[in-house]
Amino acid sequence: MPVEGEYLGMNLRINDNDGDNLTYFQYCADHDFHLQKCNACDLLVYPPRTACPWCAAADFDWVAVEGKGAVHSYGEVHHAIQPALQEKTPYQILIVDLDTQLGEPEPEIALRVTGNTATPDGDLAPPDVVSKVGIGTRMRMVFKDVVPGLSLP
């Protein structure tokens, strides 16, 4: 059965045949951050996928990961195209280097996740918070409940 919900006027749907993303978002619904760990090379993978980007193996386990890290890069949206987001501007889109697996498999490599700057309850952060975030700012992942069984990290 697909997982469906609405967030800020946008329809969200994860189809039945999207097994990797279904599993990922099932963990998120429990406010747990889990990533795939390749059984061949022992490296973590994000976003969920069917083959390891490091060694091309297709055998994974899901492991709990601490969602903490530092901002690698960001962009600020000042003109939102999505109507429901227009009143939320400016908001930030982040790329965060997780503390987990930092410098692996090579020194300049990091496990990077994307998200938005948010309040502790998962709402988009107000402008006074957005203005304080920059490269290197420490972040931690929070979850926004959309509907039962679907939370956004």
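Trainee: What relative accessible area does Arg 112 have?

Mentor: This is a predicted model, in which local features need pLDDT of at least 70 and side-chain atom pairs count only at pLDDT 80 or more, whereas totals for chains, interfaces and linings use all residues. Residues are numbered from 1 along each chain as its sequence is written, and side-chain values use heavy atoms, with hydrogens and water left out. Buried means under 20% relative accessible area and exposed over 50%, with partly exposed in between (1.4 Å probe, protein chains only). Arg 112 is partly exposed, and its relative accessible area is 30%.

Trainee: With which residue does Arg 112 form a salt bridge?

Mentor: A salt bridge here is a side-chain nitrogen of Lys or Arg within 4 Å of a carboxyl oxygen of Asp or Glu. For Arg 112, the closest N and O atoms of the pair are 2.5 Å apart, and the partner is Asp 97.

Trainee: How many residues apart in sequence are the parts that Arg 112 and Asp 97 tie together?

Mentor: The two residues form a salt bridge. Helices (H or I, at least four residues) and strands (E, at least two) are DSSP runs numbered from the N terminus. Arg 112 lies in strand S8 (residues 112–116) and Asp 97 in strand S7 (residues 91–98), so the parts tied together are apart in sequence by 15 residues.

Trainee: Which residue pairs with Lys 144 in a salt bridge, and in which element does Lys 144 lie?

Mentor: The closest N and O atoms are 2.7 Å apart, and the partner of Lys 144 is Asp 123. Asp 123 lies in the loop between S8 and helix H3 (127–130), so the pair ties together parts 21 residues apart in sequence, with Lys 144 in strand S10 (residues 144–147).

Trainee: Which strands do the buried residues of H1 pack against?

Mentor: In helix H1 (residues 19–29), the buried residues are Leu 22, Tyr 24, Phe 25 and Cys 28. Seen down the axis of H1, they fall within an arc of 165°, so they line one face of the helix, the arc being that of the directions from the helix axis to the C-beta atoms. With contact meaning heavy atoms within 4.5 Å, these residues pack against S1 (3–7), S2 (10–14), S3 (34–38), S5 (60–64) and S11 (150–152).

Trainee: What radius of gyration does the protein chain have?

Mentor: This radius is taken over C-alpha atoms, and the globule rule is 2.2 Å times the number of residues to the power 0.38. With 153 residues, a compact globule would have a value near 15 Å, which agrees with that of the protein chain, 16 Å.
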